[in-house]
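Dear colleague,

Please find below the sequence and structure that I am handing over to you.

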Amino acid sequence: MTYTSSRGAAADLGFADVLLTGLAEDGGLYVPQEWPILSRDEIASLRGLSYADAAFRVTWPYVIGSIHEDDYAEILADSYRDFRHPAIAPLWQMGDDVWLMELFHGPTLAFKDYALQVVGRLFDHILTRRGARATILGATSGDTGSAAIAACINRSALDIVILHPEGRCSDIQRRQMTTIQADNVHNIAIDGSFDDCQDIVKTLFADADFRHDMALAAVNSINWARIMIQIVYYARALSCLGGPDRAVGFSVPTGNFGNVYAGYCARQMGLPIAELIVGSNSNDILTRTFESGDMRVAELSHTLSPSMDIQISSNFERLIYDLLDRDGGAVARLMSDFRCDGAVCFDAASWEACLEVFHGFRADDHQTLAVIAQIYAETGSILDPHTAIGVAAAETRRRDGPIVALATAHPAKFPQAIQQALGRDPEMPEILQKAIAGEEKYTPFPNDAAAVKNYMRDHVTSTATA
């Protein structure tokens, strides 16, 4: 499998180099040059496999040639060995053909674990094989940071530097990152928004000398490997609910468009996905875009679903690449215009093709709290605020078949929202109790890429050795 940049000017790469490179040198995002197709029999067979074996079947075409088959199978098995539910990603029926898929049974209780547990091991395996080290650099709006750290902690070939927006993650989300006491873990709190953190990451990756000297690698969903592994739970859910003989829709709360884009990839692989509903909070750039074909940045709001407090959804560029007939030059020009003007309008033909698959939905904090209360009254189950938006979105769509809402985090990670909705605190799992009690270690910085660069040169040991 060969990968190409969405902006068309960077060299094509194989999987191992795409994993280690993350963001392409032209600023684009890597995508596969062609989509491997799963046959009807292959889709049906997934329901009888363990989760790790299903992950191998779905993703092996993307990595073949870059890693030995037995090594890859062992990495997948090891990644999911300690998840807290035997089904790994269990489904339960909420109502008339509305299902919930729980994606919070990993070590940090968020859906990011499902990909990052694999990605961390892939990094370590490939770097060790090459006799190299790397510095993982990422930005987080909440859950990516702790999941990435959990995947990379004390791995001999890796340092990890995570930027988070100071005061704009939940306390528990922050503590899951900052109470990790390991020499290869570096947490930085930026005086700004998630978009500011992401801009710093992109600026540092764009500095060719610094990128080489520090052997920078990306762990955000700009890294194709993240997207690839997330395809698995879409395929798994669909096979369990009757695929390929009937289509299934998915409702996905999303900010950076990575999780729902993985659903799009699953559809491109031949899975009968009827629709993908994009759930937004008050930061509804994606919903507004789907409604109008006009992508326009608005003022950022701080909400009870902070992981979605994003105005620039990086992974949307991968979809744009397909909408513009995989013309990298056209994508580069459009993204440049968007960066300069904060707005771009898509032509009608491209947008009609997009709306065959995607639909937008928004819910403000008041609506989010109401859904949490409603579902608790009806089922006794507590939803985190992001999942509540996904469930609300699923309930509003007409259905000719099942629709699956993705439960992206454990409710205990957002006790403030649960207290407001239900007048009670959620039960706190032991792993979160340890985070609350732990001593924090992080460094505050202004919104300044140069300051972060100087810190990394002084405190991170990784250098390009291969």
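**Charged pairs**

Aspartate 284, at 11% relative accessibility, counts as buried; here buried means under 20% relative accessible area, exposed means over 50%, and partly exposed lies in between (1.4 Å probe, protein chains only). Please note that this is a predicted model, in which local features need pLDDT of at least 70 and side-chain atom pairs count only at pLDDT 80 or more, while totals for chains, interfaces and linings use all residues. Residues are numbered from 1 along each chain as its sequence is written, and side-chain values use heavy atoms, with hydrogens and water left out.

The partner of aspartate 284 is arginine 362: the two form a salt bridge whose closest N and O atoms are 2.6 Å apart. This pair links distant parts of the chain, 78 residues apart, with arginine 362 in strand β13 (residues 358–362) and aspartate 284 in the loop between β10 (273–280) and α12 (285–292). By salt bridge I mean a side-chain nitrogen of Lys or Arg within 4 Å of a carboxyl oxygen of Asp or Glu. Helices (H or I, at least four residues) and strands (E, at least two) are DSSP runs, numbered from the N terminus.

Arginine 362 also forms a salt bridge with glutamate 291, where the closest N and O atoms are 3.0 Å apart. Here strand β13, which holds arginine 362, is linked to helix α12, which holds glutamate 291, across 71 residues. Arginine 362 counts as partly exposed at 33% relative accessibility, whereas glutamate 291 counts as exposed at 53%.

How many salt bridges does the structure hold? There are 20. One of them joins glutamate 317 to arginine 7, with the closest N and O atoms 2.8 Å apart. Because glutamate 317 lies in helix α13 (residues 316–323) and arginine 7 in the loop between β1 (3–5) and α1 (15–21), this pair ties together parts that are 310 residues apart in sequence. Glutamate 317 is buried, with a relative accessible area of 4%, and arginine 7 counts as partly exposed at 21%. Elsewhere, salt bridges link Glu74, Asp78, Arg81 and Arg121 in a network.

In soluble globular proteins, nonpolar side chains tend to be buried together. In this model the largest nonpolar core has 117 residues, and those with the most contacts inside it are Tyr72, Tyr80, Trp224, Phe250, Phe257, Phe316 and Phe358. Helix α10 (residues 224–240) supplies the largest share of this core, 12 residues. A nonpolar core is a set of buried Ala, Val, Leu, Ile, Met, Phe, Trp, Tyr and Cys residues joined through side-chain atoms within 4.5 Å.

Apart from its neighbours within four places in sequence, tryptophan 224 is in contact (heavy atoms within 4.5 Å) with several residues, including Tyr3, Phe15, Tyr62, Tyr261 and Arg318. A second, separate core of 30 residues includes Met308, Leu383, Ala393 and Leu422.

Five strands, in the order β8-β5-β6-β7-β15, form an open sheet with parallel pairing. At its edges are β8 (216–218) and β15 (443–445), each of which pairs on one side only. From one strand to the next, the twist averages 30°. Two strands are taken to pair if DSSP finds at least two bridges between them; β5 (residues 134–139) and β8 pair in the parallel sense over three bridges. Threonine 135 stands opposite leucine 216 in β8.

Helix α7 (residues 171–178) packs on the sheet, touching β6 (158–165) and β7 (185–190), and its direction makes about 160° with that of β6. Helix α8 (residues 194–206) also packs on the sheet; α8 touches β5, β6, β7 and β8, and its direction makes about 150° with that of β5. Axes are lines fitted to C-alpha atoms, for helices over the stretch in contact, and angles run from 0 to 180 degrees between N-to-C directions.

Six of the eight residues of α7 are buried, so this helix is largely enclosed by the rest of the structure. The buried residues are Ile172, Gln173, Arg174, Gln176, Met177 and Thr178. Their cover includes α6 (143–152), β6, β7, α18 (415–422) and α19 (430–437).

**The chain as a whole**

The chain has 20 helices and 15 strands. Of its 466 residues, 61% count as buried. Its C-alpha trace spans about 55 × 50 × 50 Å along the principal axes. Among contacts between residues at least 6 apart in sequence, 76% join residues at least 24 apart.

With kind regards
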